[in-house]
Amino acid sequence: MSTLPIRVFGDPVLATPTRPVTEIDGRLANLVDSMIETMYDAPGVGLAANQVGINRRLFVYDKGEGPLVVINPVLVESTGTWVFEEGCLSIPGHSWEIERPNQVHVRGLDLEGHELDLQVDEFEGRILQHELDHLDGILLVERLDDEQRREAKRMLRQGVLRQRPDPDGLRQLLDE
Ligand code: ZN
């Protein structure tokens, strides 16, 4: 096992919706192992495959009770509202209070190909929604309200833009 480089804001792979996993095999299991190691090393509580440059619909997470993988997740239903401070390994050093639905119902598959039926709320529900967004090519900054977005633009221009040689994706998003 080894850790994988985490792609950061501005990388086009993060803005690209992922394709479904078609085969659950040993290669996928190896990827999942590396993603879990990468998530703990970061450290973080969730990691989507496209955050390590793999365009496949799966993510790993740990709400504090051990690692789980969800393959080809689908959001069945979400209800309620909950505000929670949220960060992202692909936007290191930043976090924002974000309102999202509280209860979510997500279906997917585990590494054995068995169906997962997750009906969760609060922290775990938040992780699932954040990772589902990643797999749909949506980053945290797209969930900010207008005021947060203005502040984020300022911070990210000063931070990420300076570090990245080719921040076209970021510029596009910030200028839209
Ligand atoms: Zn994230």
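This is a predicted model: local features need pLDDT of at least 70, side-chain atom pairs count only at pLDDT 80 or more; totals for chains, interfaces and linings use all residues.
**Entry 1: the overall layout**

Reading along the sequence, I wrote the order down as α-β-β-β-β-β-β-β-α-α-α-α.

Next I looked at burial. Of the chain's 176 residues, 44% count as buried. The accessible surface of the chain comes to about 9200 Å², and carbon and sulfur atoms hold 47% of that. I also checked contacts with a separation of 6 or more: 65% of these in the chain come from residues 24 or more positions apart.

**Entry 2: the zinc ion**

Which protein atoms are the donors of the zinc ion? I found SG of Cys88, NE2 of His130 and NE2 of His134, lying 2.0 to 2.3 Å from the zinc ion. Along the sequence, I noted the spacing of the donor residues as C-x41-H-x3-H. Cys88 sits in the loop between strand E4 (82-87) and strand E5 (95-100), while His130 belongs to helix H2 (residues 122-135), so this pair ties together parts that are 42 residues apart in sequence. Are Cys88 and His130 buried or exposed? I have both down as buried.

**Entry 3: Glu124 in helix H2**

I stayed with helix H2 and picked out Glu124, which is found there. Why does Glu124 count as buried? Its relative accessibility is 10%, and the cut-off for buried is under 20%. I then looked up what Glu124 touches, leaving out residues up to four places away in sequence, and found Tyr61 and Lys63.

**Entry 4: helix H3**

I checked the length of helix H3 (residues 146-158) against expectation. With 13 residues at 1.5 Å a residue, H3 should span 18 Å, and I have its end C-alpha atoms 19 Å apart, which agrees.

Which residues of H3 are buried? My list has Gln148, Arg149, Ala152 and Leu156. They cover an arc of only 95 degrees around the axis, which means they are on the same side of H3. A reminder to myself: an α-helix has 3.6 residues a turn, so residues three or four places apart point the same way. On the other side of H3, I noted Asp146, Glu147 and Arg150 as exposed.

Last, I looked at the start of H3. There, a side-chain oxygen of Asp145 reaches to within 3.2 Å of the backbone nitrogen of Glu147.

Note on methods
Residues are numbered from 1 along each chain as its sequence is written. Side-chain values use heavy atoms; hydrogens and water are left out. Helices (H or I, at least four residues) and strands (E, at least two) are DSSP runs, numbered from the N terminus. The expected span of a helix is 1.5 Å times one less than its number of residues. Buried means under 20% relative accessible area, exposed over 50%, partly exposed in between (1.4 Å probe, protein chains only). The arc is that of the directions from the helix axis to the C-beta atoms. A polar contact is a pair of N or O atoms within 3.5 Å; within protein, one must be able to donate a hydrogen and the other to accept it, and residues adjacent in sequence count only if both atoms are side-chain atoms. Donors are N, O and S atoms within 2.8 Å of the metal (3.2 Å for Na, K and Ca); water is not among the atoms, so sites may look incomplete. Contact means heavy atoms within 4.5 Å. Accessible areas come from the Shrake-Rupley method with a 1.4 Å probe; for residues, only the protein chains shown count as cover.
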